[in-house]
Amino acid sequence: MMSRMMLQPPQRGIDPVVPPVATSWRRIDAWLSRHASKALADLRPPASWQSIQEAESRLGFPLPADLRDSLRCHDGDTSLLGVLPCRRLYSVSEIIKVREMRMAIWEPDDPDQAETPWWGTKWVPISGSHGDDHFIDAGEGMWHNHLGDAVHDDQAYFLGWPSLGSWLHEVAEAMEHHDQSSWFGAVTAPKIDSSGDIDW
């Protein structure tokens, strides 16, 4: 899973070079095709531009660029636990459904929100299960584009990933180094069992 990290505010002006989201997805798809074809089959086809535009209209603001690019590669997945180490990826329609559910029960005037926020105005859910959701901060503050984890029964927190693109790149790296015992990367390398299921 995406690992939890307690963070200081991100440093401005330090932007590592990250490949395009589509490049990382091509690497991920190619690796799944060779090593875990069942998991590859769980990934949905690309989302349409129309569905993305309709989602943005309902949101009232644009989706983060990396998320738009990711949805244009795969509109989420249909697996039980998730193809990637982030819980199950949401489709465009699920992103809207989950966010609207969270916004309906969110209490922005709750004084606890200032110190221990449970949800944010412009957080966009990207994956989840059982009420626990990973999200991207689409707001304009210091955590813009950063990935976070909003569990159902505790405060939310950021994970240390400055963008979805940076995380997908590291997932692709971990996959391609899965058979190297010396590999030590930002994402733990997956294992494939005898039935072809992927285990993170």
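Q: Before we start, what does buried mean here?
A: Buried means under 20% relative accessible area, exposed means over 50%, and partly exposed is in between (1.4 Å probe, protein chains only). This is a predicted model, where local features need pLDDT of at least 70 and side-chain atom pairs count only at pLDDT 80 or more, while totals for chains, interfaces and linings use all residues. Residues are numbered from 1 along each chain as its sequence is written, and side-chain values use heavy atoms, with hydrogens and water left out.

Q: Thanks! Is tryptophan 123 buried or exposed?
A: Tryptophan 123 counts as buried, at 8% relative accessibility. Its ring is stacked with that of phenylalanine 135, with centres 4.0 Å apart and planes at 10 degrees. Rings of Phe, Tyr and Trp (its six-membered ring) pair if their centres lie within 6.5 Å; planes under 30 degrees apart are stacked, over 60 edge-to-face and the rest tilted.

Q: Which parts of the chain does that pair tie together?
A: Tryptophan 123 is in strand 2 (residues 123-129) and phenylalanine 135 in strand 3 (residues 132-137), so the pair ties together parts 12 residues apart in sequence. Helices (H or I, at least four residues) and strands (E, at least two) are DSSP runs, numbered from the N terminus. Phenylalanine 135 is buried too, at 0% relative accessibility.

Q: How many aromatic pairs does the whole structure have?
A: The search finds six aromatic pairs. One of them is edge-to-face: tryptophan 119 with tryptophan 123, at 5.6 Å centre to centre and 75 degrees between the planes. Tryptophan 119 is buried, with 1% relative accessible area. One aromatic cluster is made up of Trp119, Trp123, Phe135, Trp143 and Phe158.

Q: New topic: which residues touch the most other members in the largest nonpolar core?
A: Those are Trp25, Ile28, Leu32, Leu67, Leu84 and Trp167, out of 43 residues in that core. Helix 7 gives the largest share, seven residues. A nonpolar core is a set of buried Ala, Val, Leu, Ile, Met, Phe, Trp, Tyr and Cys residues joined through side-chain atoms within 4.5 Å.

Q: And what is leucine 67 in contact with?
A: Leaving aside neighbours within four places in sequence, leucine 67 is in contact (heavy atoms within 4.5 Å) with Ile95, Val124, Ile126, Ile136 and Leu164. There is also a second, separate core of nine residues, including Trp106, Trp118, Phe135 and Trp143.

Q: Where is phenylalanine 61 found?
A: Phenylalanine 61 is in the loop between helix 3 and helix 4, and it counts as buried at 10% relative accessibility. Its C-alpha atom is 8.5 Å from that of alanine 138, although the two are 77 residues apart along the chain. Not counting residues up to four places away in sequence, phenylalanine 61 touches Glu56, Arg99, Thr121, Lys122, Val124 and Ala138.

Q: On to charges: how many salt bridges does the search find?
A: Nine in the whole structure. A salt bridge is a side-chain nitrogen of Lys or Arg within 4 Å of a carboxyl oxygen of Asp or Glu. One of them joins arginine 87 and aspartate 149 at 2.9 Å, N to O. That pair links distant parts of the chain, 62 residues apart: arginine 87 is in the loop between helix 4 and strand 1 (88-89), and aspartate 149 is in strand 4 (residues 147-150). Both arginine 87 and aspartate 149 are buried.

Q: Which residue does glutamate 94 form a salt bridge with?
A: Arginine 44 is one partner, with the closest N and O atoms 3.7 Å apart. Glutamate 94 lies in helix 5 and arginine 44 in the loop between helix 2 (37-42) and helix 3, so the pair ties together parts 50 residues apart in sequence. Glutamate 94 also meets arginine 88 in a salt bridge at 3.1 Å, N to O. Arginine 88 and glutamate 94 are both buried, whereas arginine 44 counts as partly exposed at 23%.
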